[in-house]
Amino acid sequence: QVQLVESGGGLVQAGGSLRLSCAASGRTASSYAMGWFRQAPGKEREFVAAIRWSGSITYYADSVKGRFAISRDNAKNTVYLQMNSLKPEDTAVYYCAAARGFRGGSYYYRDTYDSWGHGTQVTVSS
C-alpha cells in the first residue's frame with residue numbers, strides 16, 4: 001500500500017493561512033485518489049476534501065468550501081491542502097488518506113480509503 005507523510009501543520013491566528021502537504025510513496029502512488037480528513041478532541045474524524053487521481057475533480061465539506069483548496073502534483077507524488085481564512089473551529093489533527101478510487105459519493109467515507117498518514121496538528125487561535 002501507499003505510504004503517506006503529512007507536514008505543514010502549526011499554530012496560526014484566525015484569518016490566517018496554512019498549506020498542508022502529503023508526500024506519497026510506494027508503487028503507483030500517483031494513481032491514487034486522495035482525501036483530507038480532520039479530527040478534533042471528542043469528535044469523530046470528518047471529511048474535509050478529496051481529489052481524484054487526475055486532479056480534475058475535487059470535493060469539499062460544506063464547512064470548508066470557499067476557504068480550502070485541495071490540489072496534487074503527480075510528478076512529485078504530493079497532495080496539498082491550502083487553508084485560508086482559518087477559524088478556531090478548524091483546529092484539529094489533519095490526516096491525509098489514499099484510495100484506489102471513488103464511486104458515487106464514497107469520497108466522503110473513511111472506509112473508502114486504504115492508507116492513512118499519521119496526522120499533523122493545526123491550531124487556530126482567536
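Biologist: What is the relative accessible area of asparagine 77, and does that make the residue buried, exposed or partly exposed?

Modeller: Asparagine 77 has a relative accessible area of 26%, so it counts as partly exposed. Buried means under 20%, exposed over 50%, and partly exposed lies in between (1.4 Å probe, protein chains only).

First, some ground rules. This is a predicted model: local features need pLDDT of at least 70, side-chain atom pairs count only at pLDDT 80 or more, and totals for chains, interfaces and linings use all residues. Numbering starts from 1 along each chain as its sequence is written, and side-chain values use heavy atoms, leaving out hydrogens and water.

Back to the loop. Asparagine 77 sits between strand E7 (68–73) and strand E8 (78–83). Strands are DSSP runs of E with at least two residues, numbered from the N terminus. Its phi is positive, near 50 degrees, although the residue is not a glycine. Most residues other than glycine have a negative phi.

Now the sheet around that loop. Four strands form an open sheet, in the order E1-E3-E8-E7, with antiparallel pairing. Strand E1 (3–7) and E7 are the edges; each has a single partner strand, so one side of each lacks a neighbour in the sheet. Two strands pair if DSSP finds at least two bridges between them. E1 and E3 share five bridges.

Follow the chain past E8. The loop between E8 and E9 holds serine 85. Serine 85 also has a positive phi, about 50 degrees, without being a glycine. Its relative accessibility is 42%, so serine 85 is partly exposed.

Aspartate 90 lies in the loop between E8 and E9 as well. At a relative accessible area of 1%, aspartate 90 is buried. Setting aside neighbours within four places in sequence, aspartate 90 is in contact (heavy atoms within 4.5 Å) with Arg38, Arg67, Phe68, Ser85, Val122 and Val124.

The largest nonpolar core has 37 residues. Such a core is a set of buried Ala, Val, Leu, Ile, Met, Phe, Trp, Tyr and Cys residues joined through side-chain atoms within 4.5 Å. Met34, Trp36, Leu81, Met83, Tyr94 and Tyr113 have the most contacts inside it. Strand E3 (18–25), E4, E5, E7, E8, E9 and strand E11 (120–125) each supply at least two of its residues. E9 gives the most, six.

Tyrosine 94 shows how far these contacts reach along the chain. Beyond four places in sequence, its contacts include Glu6, Leu20, Trp36, Phe68, Leu81, Met83 and Val122.

Six of its seven residues are buried, so E4 is largely enclosed by the rest of the structure. E4 runs antiparallel to strand E9 (residues 92–99), joined by seven bridges. Glycine 35 has alanine 97 of E9 as its bridge partner. E4 also pairs with strand E5 (residues 46–51), antiparallel, over five bridges. There, arginine 38 stands opposite glutamate 46. Six residues lie between E4 and E5 in their hairpin, and glycine 42 takes a positive phi there, near 80 degrees.
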